[in-house]
Amino acid sequence: MRFTTNSIGRKILMAVSGLFMVLFVIVHLLGNSSIFAGPDGINAYAEKLHGLGPFVWASRLFMLAMLGIHVLFGILVTLDNWSAKPDRYKVKKMLKASFASETMIWTGALLLAFIVYHLLQFTFRVTPDVVLGNDAKGRFDVFSMVAASFRFTPIVLIYVAAMVTLFLHLSHGIQSLFQSIGWNNDKTLPTYTRLGKVLAVVFLLGYSAIPVLLLSGILTK
Amino acid sequence: MSAQTAEHGTMTLKLIVWRQAGPGKQGRFETYTAKNITPHHSFLEMLDVVNEELILEGKEPIAFDHDCREGICGMCSQVVNGVPHGGQERTTVCQLHMRKFKDGDTIYIEPWRARAFPILKDLVVDRGALDKLIQEGGYISARTGGVPDANATPISKADADYSMDAAECIGCGACVAACPNGAAMLFTGAKVAQLASLPQGQVEAPVRVADMIQAMQECGFGNCSNHYECQAACPKGIDVKFIARLNREFLKALFKSKAGSHVFAGE
Ligand code: HEM
Ligand code: FES
């Protein structure tokens, strides 16, 4: 039995790839928050980041691999779980499972769709709403691009909905990853559960703030 | 009528029970009326009362598993109103008493449901898959000697307590029945943790974890999603920390070269 066909091995791969994605979500939020310093903040940040050249591409490829592993085993594990329970109970009362824990595959699928959309919009910059241009200092104007797209209420709603989805996925996922890699016991479980919920709320509020504040005109040049 | 029965201290209940003639047969829910039930009847005794009546009527009694009826053997296995063993904390269904119910209640009774536990008849399922897991790794080959040798190998109080907590498992399979994925991670985790935490369990430790995980999959159990339904339904309150221990023991086994190749090659 190989690691990739082993029930626990697969969950460890999901947990480790999930952990790297959570770390990315933290770093991405810290980077994005430079937008609160105005155009100069985020445009300078973006310029510095792209100046790293091969490092940026290596990180992107690494994250793509993590996403691929996570999605592949997420689907395989879920399909196996469904077939391991062929007959459902007529009456089933859940004692501990939550809406978040029972919908991981669906919140995951929505996140995948959002990631594709988000990359097409602000990384490949091919969606129709995207406005391209340079700022006064000749740098690519990330602030104006983002602000232009977030003038559209439906786009802001998509982003907020995606962040609610991320909140659900991670409010179960973060504590789950510690359990899957075995780095857990009865004393630490409540702590990881709390940590996971707090981080999930921070991500929800932090990421949603950017489109909402831009749309409402509170965050301007 | 219900006022009268209440006066006599007995209850009348509506039971909706899964009936299935045999393995692979089409099953269905049947409705029965349980009469003359006192608060002192255990849940299984309540079914005995119903079955006696069915037998008098010349009908097939409801088949269900049971043995000790005192909460220690792990034989009884019924999902009552959507919870394995009926939802009274740390209680097997044989120790669930009818005082937990009210006159006129409707009660759904279903068998354990999981791919790895095929239904044999009515509420009786084949839990041989759990025996298969034990055959694969739930044993030790170290000689432990006789009773006087018990203290020959010192074991710390903390380790002994930890191992005993894992050993509390009575093997009823409620964890599998409760798990939305039909996984046996709590059962397997408890066995692996129980033996891995004692010196006598070290010899087979890496091979045990590899073989038991493989057997879990071959028996058709699912994977762990960390819902923790298993611990909540367990009549012995076995902690999900033993699942974390199982995952840890798996990683440990990978790093022991010989066992690691065993894990990878699945010998
Ligand atoms: C993009 C599409 C995604 C899909 C299809 C997906 C799918 C899943 C599924 C099905 C599970 C539960 C597996 C199980 O225990 O049965 C899961 C767990 C998890 N996901 Fe995702 N997910 C996605 C994206 C993400 C993202 C973006 C993150 C992090 C930011 C993430 C972090 C996690 C974590 C930490 C876990 C817990 C792992 C564990 O239980 O060990 N996922 N994911
Ligand atoms: S019949 Fe033995 S535990 Fe219930």
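In chain A, 73% of the contacts with a separation of 6 or more are between residues 24 or more positions apart; contact means heavy atoms within 4.5 Å. For chain B the corresponding share is 68%. This is a predicted model, in which local features need pLDDT of at least 70, side-chain atom pairs count only at pLDDT 80 or more, and totals for chains, interfaces and linings use all residues. Residues are numbered from 1 along each chain as its sequence is written, chains are lettered from A and ligands numbered from 1 in the order in which they are written, and side-chain values use heavy atoms, with hydrogens and water left out.

**The two chains**

- Chain A has eight helices and zero strands; helices (H or I, at least four residues) and strands (E, at least two) are DSSP runs, numbered from the N terminus.
- Read from the N terminus, the elements of chain A follow the order α-α-α-α-α-α-α-α.
- The C-alpha trace of chain A spans about 60 × 40 × 35 Å along its principal axes.
- Of the 221 residues in chain A, 44% are buried; buried means under 20% relative accessible area, exposed over 50%, and partly exposed in between, with a 1.4 Å probe and protein chains only.
- Chain B has ten helices and seven strands.
- The C-alpha trace of chain B spans about 70 × 40 × 35 Å along its principal axes.
- Of the 267 residues in chain B, 55% are buried.

**The interface between chains A and B**

- The size of an interface is often given as the accessible area lost when the parts come together.
- Chains A and B bury about 3900 Å² between them, and 54% of this lies on carbon and sulfur atoms; buried area is the accessible area (1.4 Å probe) that two parts lose on being put together, summed over both.
- Three residues, Arg115(B), Asn223(B) and Tyr228(B), provide 16% of the area that chain B buries against chain A, more than any other three residues.
- On the chain B side 50 residues are in contact with 41 residues of chain A.

**Helix α9 of chain B**

- Lys241(B) is located in helix α9 of chain B, which covers residues 241-255.
- Lys241(B) has a relative accessible area of 13%, so Lys241(B) counts as buried.
- With neighbours within four places in sequence left aside, Lys241(B) is in contact with Asn185(A), Asp186(A) and Tyr162(B).
- Arg248(B) is also in helix α9 of chain B.
- Arg248(B) is partly exposed because its relative accessibility is 32%.
- Not counting residues up to four places away in sequence, Arg248(B) touches Gly182(A) and Asn184(A).
- The side chain of Arg248(B) comes to 3.2 Å from the backbone oxygen of Asn184(A); a polar contact is a pair of N or O atoms within 3.5 Å, and within protein one must be able to donate a hydrogen and the other to accept it, while residues adjacent in sequence count only if both atoms are side-chain atoms.
- Between Arg248(B) and Ala63(B) there are 185 residues of sequence separation and 40 Å in space, C-alpha to C-alpha.

**Ligand 1**

- Ligand 1 lies between chains A and B.
- It is surrounded by 28 residues, the closest being Lys11(A), His70(A), His169(A), Ser176(A) and Ser180(A); a residue is near a molecule or strand if one of its heavy atoms lies within 4 Å of it.
- Four helices of chain A, α1 (7-32), α3 (54-83), α5 (104-123) and α7 (153-180), each supply at least two residues of this shell.
- The largest share of the shell, seven residues, belongs to α1(A).
- The shell has 16 nonpolar, eleven polar and one charged residues; Ala, Val, Leu, Ile, Met, Phe, Trp, Tyr, Cys and Pro count as nonpolar, Asp, Glu, Lys and Arg as charged, and the others, Gly among them, as polar.
- An oxygen atom of ligand 1 is 2.5 Å from a polar side-chain atom of Lys11(A).
- A side-chain N or O atom of His70(A) is 2.7 Å from a nitrogen atom of ligand 1.
- A side-chain N or O atom of Ser180(A) is 2.6 Å from an oxygen atom of ligand 1.

**Cysteines**

- There are zero disulfides over all chains; a disulfide is a pair of cysteine sulfur atoms within 2.5 Å.
- Cys219(B) is in no disulfide, and the nearest cysteine sulfur, that of Cys175(B), is 13 Å away.
- Cys224(B) is in no disulfide either, with the nearest cysteine sulfur, that of Cys230(B), 6.5 Å away.
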